[in-house]
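Hi,

Here is the structure I promised to pass along.

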Amino acid sequence: MSTAEPADLPAAEALRLAARARAAAQAPGRLPGWYGPAFAVAFAVYGTGVGQAVGAGLSWLSALFGVVFAALTGALARIAMNEGGIVHRMAPGLTRPVLLAVLGVIAAGLAGMLLAWLAGGGARWTGAAAGVAAGAAFWAATGRLNAWIRRTPVVH
């Protein structure tokens with residue numbers, strides 16, 4: 001520890017440093033590395049479970065799987081929020097990339113379902129394909145969002 005006395009800063013310099021510190025504190029952090037893969041697995045398991053339930057004629061289980069999926073992904077988001085990052089602080093310019101990510105996950109799930117159906121798959125295959133495709137798209141989207149955050153400068 002140094003015993004040197006702090007140098008006096010001019011008021012303008014102190015204000016500039018305070019503004020930079022405030023901007024850095026408000027900037028979104030990156031998503032945790034485990035976030036994309038954990039959600040990918042959750043989507044895949046959910047889609048497969050719903051497909052299996054519908055294929056077995058137990059459609060009512062789909063609602064139960066939906067509740068479990070919502071609880072699991074809510075818990076994952078809460079853990080990520082406690083770690084800080086994008087889930088904790090949304091930057092003003094991040095709304096569009098997040099919206100595109102959500103739409104991409106939906107489109108991937110529907111495309112996976114359609115491709116499995118066109119290939120002759122029943123409910124079991126279409127549900128699993130939708131879940132796996134949505135999960136892969138979510139994982140890819142987290143990578144794109146983290147890249148966006150890395151290259152977006154913090155406003156001073």
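So, how many helices and how many strands does the protein chain have? There are 5 helices and 0 strands, and reading along the sequence gives the pattern α-α-α-α-α. Before you go further, please keep in mind that this is a predicted model.

A couple of overall numbers to start. The protein chain has 156 residues, of which 34% count as buried. If you take contacts between residues at least 6 apart in sequence, 75% of them join residues at least 24 apart.

Helix α4 covers residues 95-118, which is 24 residues. From its first C-alpha to its last it reaches 34 Å, close to the 34 Å expected at 1.5 Å a residue. After the helix comes G120, and its phi is positive, near 95°.

Which residues of α4 are buried? They are P97, A101, V105, A108, G109, G112 and A116. As for what covers the buried residues of α4, the cover includes α2 (35-55) and α5 (123-151).

Next, the packing of α4 on α5. These two helices pack at an angle of about 155°, with their axes 7 Å apart. That angle is over 145°, so α4 is roughly antiparallel to α5. The crossing of α4 past α5 is right-handed. On the α4 side, the contact is made by P97, V98, A101, G104, V105, A108, G109, G112, M113, A116 and W117. On the α5 side, the residues are W125, T126, A129, A130, A133, A134, A137, F138, A141, L145 and W148. By class, the residues of this contact divide into 18 nonpolar, 4 polar and no charged.

Which residues does V105 touch, leaving aside its neighbours within four places in sequence? The answer is F43, A134, A137 and F138. With F138, the two C-alpha atoms are separated by 5.7 Å, although the residues are 33 apart along the chain.

Now for α2, which packs against α5 as well. Here the angle is about 170° and the axes are 7 Å apart, so α2 and α5 are roughly antiparallel to each other. Their crossing is right-handed. The contact of α2 with α5 has 14 nonpolar, 10 polar and 1 charged residues.

Finally, α2 also packs with helix α3 (residues 60-82), at an angle of about 175° and with axes 9 Å apart. These two are therefore roughly antiparallel to each other. From α2, the residues involved are Y35, A38, F39, A42, F43, Y46, G49, V50, A53 and V54. They meet L61, S62, F65, G66, F69, L72, T73, L76, A77 and A80 in α3. Sorted by class, the residues of the α2 contact with α3 come to 16 nonpolar, 4 polar and no charged.

Cheers

How values were computed
Residues are numbered from 1 along each chain as its sequence is written. This is a predicted model: local features need pLDDT of at least 70, side-chain atom pairs count only at pLDDT 80 or more; totals for chains, interfaces and linings use all residues. Side-chain values use heavy atoms; hydrogens and water are left out. Helices (H or I, at least four residues) and strands (E, at least two) are DSSP runs, numbered from the N terminus. The expected span of a helix is 1.5 Å times one less than its number of residues. Buried means under 20% relative accessible area, exposed over 50%, partly exposed in between (1.4 Å probe, protein chains only). Contact means heavy atoms within 4.5 Å. Axes are lines fitted to C-alpha atoms, for helices over the stretch in contact, and angles run from 0 to 180 degrees between N-to-C directions. Angles under 35 degrees count as roughly parallel, over 145 as roughly antiparallel, 65 to 115 as roughly perpendicular and the rest as oblique. A crossing is left-handed if the near helix is turned anticlockwise from the far one by less than a right angle, and right-handed if clockwise. Ala, Val, Leu, Ile, Met, Phe, Trp, Tyr, Cys and Pro count as nonpolar, Asp, Glu, Lys and Arg as charged, and the others, Gly among them, as polar.
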